[in-house]
Amino acid sequence: NQFAVVMEATPIEGLQGKTAVLIENPLANSSETFSRDTLDFQQSGSLLSLSYKTRTEKLAAISFSNRLLVVSDPLFDQLKTAETARGNRISRMTLYVNPESQGQPGKSDAETIVGFELNEWNKQQMKQVEHVGFVQSRAQTYYSTQQGFALISFIGVFIALIFSISSASFLYFKLHTELAADQVTYRSLSKIGLSSKEMNVSATLQIAVLFFIPIVVATLQSLVVLEPILTLIQINKLGPVLMASGAFLAAQTVYFLIARARYIKSLSSIMV
């Protein structure tokens, strides 16, 4: 309830006995749904049924999952005692709110510096003490995640660049190896009336099919394959996929213009 006030959510009141509140994150699209108004738990061989109400709000984010089940203190102590007796370790999470933490943290902010210092201190403690807890801070988590994605993005862009240049090279050499046969064909056609303009159109279509059909097919396949994956990891934006496809299309267009210019120049020299 203290965090509900800070996060501008409605506090939970009136929890008694076997009543609970199930809070779901509105940003998560989980395939699992609850159609009943009771939740059943197996505890020490007996069935424990909780009646609950569902609330959808961002308060679920404090549990680092999509759902947060809130029960009364006596019921929680009962569940904790039962789980401890079964040999299960109960973890406790303590949340802190820094009133000055507003907006995106900067790299030189005191919050960020202290966050990384706490993270290093925690690593040293975990090496010395067994089963010690861990400390996380908003700024340290943000920048660590950002660095991880930056590394993955760099590797992905580097590999994509290699494959992009390789595919353009394969296509160019394919045209180059077939150039002699095409020159004979176009020279024969020019003798029976094929103009240079018609040759340009024909050659352009021939090269465009080689360069752009794979990009279109790859984009469609990416959209079909990545949509369920993005839904699974709760990312419902296809913008990055379309941006990547657009970047490949732009690069392929540059390769296409270069290959087309050199190819048509070679064909023009044999036109009658």
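Me: How should I read burial here, and does phenylalanine 256 count as buried or exposed?

Reply: Relative accessible area under 20% means buried, over 50% exposed, and anything in between partly exposed, using a 1.4 Å probe and protein chains only. At 9% relative accessibility phenylalanine 256 counts as buried, and phenylalanine 211, at 1%, counts as buried too. This is a predicted model, in which local features need pLDDT of at least 70 and side-chain atom pairs count only at pLDDT 80 or more, while totals for chains, interfaces and linings use all residues. Residues are numbered from 1 along each chain as its sequence is written, and side-chain values use heavy atoms, with hydrogens and water left out.

Me: How many aromatic pairs are there?

Reply: Rings of Phe, Tyr and Trp (its six-membered ring) pair if their centres lie within 6.5 Å, with planes under 30 degrees apart called stacked, over 60 edge-to-face and the rest tilted. The count comes to 5 aromatic pairs. One of them joins phenylalanine 154 and phenylalanine 158, stacked at 6.3 Å centre to centre with 20° between the planes. Both residues are exposed.

Me: What geometry does the pair of phenylalanine 211 and phenylalanine 256 have?

Reply: That pair is edge-to-face, with 6.2 Å centre to centre and 65° between the planes. It links distant parts of the chain, 45 residues apart, from helix H6 (residues 196-232) to helix H7 (residues 239-268); helices are DSSP runs (H or I, at least four residues), numbered from the N terminus. Phe211, Phe212 and Phe256 form one aromatic cluster.

Notes: Helices (H or I, at least four residues) and strands (E, at least two) are DSSP runs, numbered from the N terminus.
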